[in-house]
Amino acid sequence: MVLFDSSISPLTHSAKLSSPLLLSSLSHRPLRYAVLGAGFAGLSVAWHLLKESPKDLNLHIDLYDEMGIGGGASGVSGGLLHPYSPKVKLLWRGAECWKECMKLLSIAEQAVSSEEDLVSLSGEFGQDFGGILDRRRGIIRPATNMKTLNVLNDNAKNCLANCKIEIIDKNAAEKLVPHIHMPFNLAFYMPEAINVNSKYYLNALFLACQNIVKELSASGFGKKNLCLQKKSVYELRELEGEYDAVIICLGAKTDLLPELAGKLPLRTCRGVILHLQLPDNIGEDYPDHGPSILSDAWLAIKGNRRLDLGSTWEWKSRNSSSNVSTDEASDALQELLPKASAIYPGITSWSFAGARAGLRAMPPLTPHGSLPLLGCVNNILGNDLICKYWLLGGLGSRGLLYHGWLGKLTAEAVLSCNEQIIPSELTSWKNKDSRP
């Protein structure tokens, strides 16, 4: 593992005029990237930088996060994964997002396939899922509003072939979830949808990054290094001259960087997730085959006797702590339990077992929905910069779905130094007034 090498001179002004890949190959010095944030976005970028870069390229990546892998909002995520809106409409570029996310899930699962790695990671992060990375039982969305019933039906007909939506009646739904309440005798069932153990998955993906570094370095071509730096970056100028590119994947904490504070069209929103469990004296488990549930509140099923209930939406909050006070947990329980019991009455038998919270960075609404922010931000930061600065932010509550495809796009843009690779819908925010 390589840390900073004082023998490597800072970049010169000519770096702005030539491709970093070309300069690196000519000088034989490693290309140096800093990725800020070790959540969904940051780890996807790191993986794709390693995977997409030429094999003979000397590459060094520093991954900065003072909280470690998945220490922020990504690690708290409920983990419900599907490519649809609340009205079961396929999201913008949902097919690409679903495809790339499935690839990363497979890569993470392969990384922990060895017995040693599986025991190590599942022991630390996988207890709630019975030692597995994800739970593949699907997701069910009961119809709860007559006004939107026709819209839901129409949207469901345009689903992906590899993430189908089945329209089912009360009898079929009760076979999946006994005693589920169906106000309009209709539900939308996504059998291929997944519940991911977010913290476990992120650590497995980091392990995959470490493995590919070893594989590529052992191949005898270019030297690859990946370093986790468990410390904060308080100002971007700290990094100027040390790196060829800096990729900012800090979520809601992006606004804490003085160079970007108040300059991005992002809003913050704190969400509390409650952990519930069935008491020992309750005999009826949640069924093994039972899907997670989407409604005004969602239930992410983690096992026969454990589930997560979410989520609250506290707009304009600046509290990024994952810790939840007794009062905050009590307020969340009072808000979420009635919403959940309206669809799954049995939840009233479950008991409170803890709570966690995360601070989301919510993007602005566009004609295509609420889309994340991508692109080079040197035009925002100033002209006299040696380093290239890139942003992958505003993933909101869909970080798990978006991170695979957007991380790949960002890595390809960084490696080629070409923002045109990124669809214009994701960079158009730079052409408008960027204040929140």
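User: Which residues does Phe188 touch, leaving out those up to four places away in sequence?
Analyst: Phe188 touches Val88, Ile139, Ile140, Arg141, Ala143, Leu152, Asn153, Ala156, Ile165, Glu166 and Ile167. Contact means heavy atoms within 4.5 Å. This is a predicted model, where local features need pLDDT of at least 70, side-chain atom pairs count only at pLDDT 80 or more, and totals for chains, interfaces and linings use all residues. Residues are numbered from 1 along each chain as its sequence is written, and side-chain values use heavy atoms, with hydrogens and water left out.

User: Is Phe188 buried or exposed?
Analyst: Phe188 counts as buried because its relative accessibility is 0%. Buried is under 20% relative accessible area, exposed is over 50%, and partly exposed is in between (1.4 Å probe, protein chains only).

User: Where does Phe188 sit?
Analyst: Phe188 is in strand 7, residues 187-190. Helices (H or I, at least four residues) and strands (E, at least two) are DSSP runs, numbered from the N terminus.

User: How far apart are Phe188 and Asp169?
Analyst: In sequence, 19 residues. In space, 8.9 Å from C-alpha to C-alpha.

User: New topic. How many residues are in the largest nonpolar core?
Analyst: The largest nonpolar core has 85 residues. Tyr33, Leu49, Leu81, Tyr201, Ile247 and Leu426 have the most contacts inside it. Helix 8, residues 198-218, gives the most to this core, with twelve residues. A core here is a set of buried Ala, Val, Leu, Ile, Met, Phe, Trp, Tyr and Cys residues joined through side-chain atoms within 4.5 Å.

User: And the second core?
Analyst: That one is separate and has 30 residues, including Ile168, Ala329, Ile343 and Ala355.

User: What is Tyr33 in contact with, neighbours within four places in sequence aside?
Analyst: The list for Tyr33 includes Leu49, Leu59, His60, Ile61, Tyr243, Ile247, Val414 and Leu415.

User: What comes just after helix 8?
Analyst: Gly220, with a positive phi of about 90°.

User: Which residues of helix 4 meet helix 11?
Analyst: Glu96, Cys97, Trp98, Glu100, Cys101, Lys103 and Leu104 in helix 4. In helix 11 their partners are Leu400, Leu401, Tyr402, His403, Gly404, Trp405 and Lys408.

User: At what angle do helix 4 and helix 11 pack?
Analyst: Helix 4 (residues 94-111) and helix 11 (residues 399-416) pack at about 90°, with axes 7 Å apart.

User: How much of the chain is buried?
Analyst: Buried residues make up 53% of the 436 residues. The chain has twelve helices and 20 strands. Of its contacts with a separation of 6 or more, 79% are between residues 24 or more positions apart.

Key
Axes fitted to C-alpha atoms, helices over the stretch in contact; angles between N-to-C directions.
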